[in-house]
Amino acid sequence: MTAPGSTVDRRHFFKTAAAVALPLWGSSRLLAAQQSAVASGRLTGSLVVLNVGGSNVLCSSADAQGLVLVDSGAAVPASQLRAALQGVRQDAKVQTVFNTHYHAEQTGNNETLAAAGARIIAHEHTRQWMCTDYWVPAANRYEKARPKAAWPTDTFRVTGSLETGTERIDYGHLPLAHTDGDIYVFFRDSNCSRLVMSPRRFVTRCSTTSPARGSVVASMRWTRS
Ligand SMILES: [Zn+2]
C-alpha cells in the first residue's frame, strides 16, 4: 500500500484504474485488493485522492486559503489525518469539507476537521441523519446520532457553487442514490467530479475529461457501504 499522502506513478495509476473499472462490480475480494492498490494518487496539479482510514478522500489544493476535501474519510487518530494532509499541504489546513452522504466512511473525521476551523457542507438530509438516532433493520439495532461537533455546518437542498482559489466547485443533490442525501461535487476547472451512485452498492469515483481523448476515468474506487 502506498503511504497516505504520497503519490503513485501516474501511468500506473491510470492503468490500475482502467483495469479495475467494470469487471470488479460485485466482487468483494477484488474490491479489497483494488482498494489497497490505489491508496492515493494525483489526478491533476491540484487534485489528489488520499486514503484515510480505508476510505478515499478527494483533496483540492487550488486555494492558498486551505485545502478542500470531498468526504472526511473513516475515523482515524488526528495525527494520522494530519499526516495524510501534510502530504499535500505542510500546515494541513482545511477550509472546506463536503460530505457526499452521512455514513461513517464519509464523515468519520468531521469532528477533527471542524474543530480545526473547517466548514462542512452537506445535503440537508445528511445533516438530519447525523443529528438523530435511527433504526437499522438489517442489524436490528439503533444507530446513535453523531456528536454535534460532527454535524455539517452548511446544508443545501438542490445545488450550490463555491469559488476556491483557481477552482470553481459545483455541487448538488443526487436523488434516488445510495442515501436520500447523496451529492455530487464537480471541480469544474479540473473537469473532475466525485459522486456517489447505485442504490445497493455505491461507487465513489473521480474522473477527468480530456478534450483530446474524450471522457477518461482517472481514478475509480468501488466501495461497499
Ligand atoms: Zn454509505
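What follows is a chat about a predicted model.

Reader: What pLDDT does the chain average?
Author: The chain averages 76, and 68% of the residues score at least 70.

Reader: And where does pLDDT stay under 50?
Author: One stretch is residues 1-38, for which the model has 57 contacts beyond four places in sequence. Another is residues 197-204, with 18 such contacts.

Reader: OK, the inside now. How many residues has the largest nonpolar core?
Author: That core has 33 residues. Cys59, Leu69 and Phe98 have the most contacts inside it. Strand β2, residues 47-52, gives the largest share, five residues.

Reader: Which other core lies apart from it?
Author: A core of five residues, including Trp129, Met130, Ala150 and Trp151.

Reader: Back to Phe98. What is it in contact with, leaving aside neighbours within four places in sequence?
Author: Phe98 is in contact with Val70, Asp71, Ile121, Ala122, Tyr171, Ile183 and Val185.

Reader: Where is Ile120 found?
Author: Ile120 is in strand β6, which covers residues 119-123.

Reader: How far apart are Ile120 and Phe98?
Author: They are 22 residues apart in sequence, and 5.8 Å apart in space from C-alpha to C-alpha.

Reader: Is Ile120 buried or exposed, and why?
Author: Ile120 is buried, because it has 24 C-beta neighbours inside 10 Å, and 20 or more make a residue buried.

Terms used
Residues are numbered from 1 along each chain as its sequence is written. This is a predicted model: local features need pLDDT of at least 70, side-chain atom pairs count only at pLDDT 80 or more; totals for chains, interfaces and linings use all residues. A nonpolar core is a set of buried Ala, Val, Leu, Ile, Met, Phe, Trp, Tyr and Cys residues joined through C-beta atoms within 7 Å. A residue is buried if 20 or more other C-beta atoms lie within 10 Å of its own, exposed if 12 or fewer, and partly exposed in between; C-beta atoms are placed from the backbone. Helices (H or I, at least four residues) and strands (E, at least two) are DSSP runs, numbered from the N terminus. Two residues are in contact if their C-beta atoms, placed from the backbone, lie within 7 Å. pLDDT is the predictor's confidence in each residue, from 0 to 100.
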